[in-house]
Amino acid sequence: MIIDNAAFERYRRSPNDKTNLPRLLLGSAIVVLFWVATTLVVLLGGTYAFVAWRASMAGSAPTGRPVQDFLASPEGILIALVSFAGIWIGLWIAMRWVHGEPLSALIGTSRRVSRQGFLKGLAAVLTTSLLSEVLLYWLQPEIARGAISLPSWLLFLVPIVLLAFLQTSSEEALFRGYLLRGLANRFRSPLIWVLLPVLLFTALHWSSASSLAINACVLVSIATFALVLTLLVYATGNLGAAFGAHLGNNLTGFLLISHQAGYNSFALFNAKPLEGPGWTTWDAVLIAAIGIVSSLLTVLLLLHPRSPLKVGPD
């Protein structure tokens with residue numbers, strides 16, 4: 001399976017001469033600033049409204065953990081996803097005022113999302129995610145019906161899909177777009193332009209509520225998936241397939257089977273939470289192996305020459 005890198009070479013050479021390391025650092029700082037500011041605004045505003053609403057309800061006693069209670073609620077999950085708009089705002093400012101380029105330059109040399117790449121990436125990861133859920137069920141068959149009713153689930157389906165796309169596309173635009181494109185333009189070695197964005201993206205998924213073994217297995221799985229997303233950009237020179245693949249991964253957890261107790265409000269089914277007790281080191285090894293196998297199958301579905309889901313260059 002040989003990958004033609006011509007599309008990526010066009011993508012990595014597309015930045016202008018204002019894309020240098022100091023400007024990349026400045027632009028990254030701007031993105032982080034707006035991401036943090038947006039998160040604080042929606043978090044504090046949402047928590048205040050949530051507490052006021054709870055206080056107005058008879059028999060609703062405060063727990064002393066307003067922020068945690070808000071984030072664990074359906075409203076909190078929706079608001080948390082809205083906060084990722086800060087990444088897009090920061091990227092627009094960085095591209096416009098620091099690099100003198102349009103935001104669409106991050107998408108690919110065509111400056112538009114590949115529709116076929118997006119749909120194929122989405123279909124491939126939804127398929128491999130369902131397979132990984134079957135394997136996880138074999139490992140830990142503790143699964144229960146979620147609290148949300150089917151009519152409510154259908155009502156929230158479109159908003160969750162749109163907000164999940166806001167979240168996943170912003171992360172891809174930052175890690176597989178802004179950072180990868182800028183670093184690849186300045187450095188030839190993939191040890192820099194591949195590993196640095198992958199490591200930063202992976203580190204953001206550390207959970208203080210999980211054990212060391214579970215954190216390790218989750219981070220290994222996420223790092224492997226991040227490498228797959230990077231490979232898709234390398235093969236296509238466009239963020240479309242990565243957009244679709246990342247969205248498919250997150251929709252599985254948000255809407256179908258949740259493995260996180262704090263983000264299961266909209267899931268039809270709840271599996272044993274990864275941050276909960278009872279997981280062994282051997283369980284963690286198997287979970288990491290399932291994640292790696294799922295990512296490798298995604299590569300085969302999207303890059304193998306005989307696959308009906310094979311993505312093409314931009």
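Reader: How many aromatic pairs does a search of the whole structure find?

Author: This is a predicted model, in which local features need pLDDT of at least 70 and side-chain atom pairs count only at pLDDT 80 or more, while totals for chains, interfaces and linings use all residues. Residues are numbered from 1 along each chain as its sequence is written, and side-chain values use heavy atoms, with hydrogens and water left out. A pair of aromatic rings is described by the distance of the centres and the angle of the planes. Rings of Phe, Tyr and Trp (its six-membered ring) pair if their centres lie within 6.5 Å, and planes under 30 degrees apart count as stacked, over 60 as edge-to-face and the rest as tilted. The search finds 9 aromatic pairs. One of them joins Phe8 and Tyr234, which are tilted, at 5.2 Å centre to centre and 45° between the planes.

Reader: Which parts does the pair of Phe8 and Tyr234 tie together?

Author: Helices are DSSP runs (H or I, at least four residues), numbered from the N terminus. Phe8 lies in helix H1 (residues 6-12) and Tyr234 in helix H10 (residues 212-236), so their pair ties together parts that are 226 residues apart in sequence.

Reader: Is Phe8 buried or exposed?

Author: Buried means under 20% relative accessible area, exposed over 50%, and partly exposed in between (1.4 Å probe, protein chains only). Phe8 counts as buried, at 1% relative accessibility, whereas Tyr234, at 24%, counts as partly exposed. Ring pairs also link Phe8 and Tyr234 with Tyr11 and Trp193 into a cluster.

Methods:
Helices (H or I, at least four residues) and strands (E, at least two) are DSSP runs, numbered from the N terminus.
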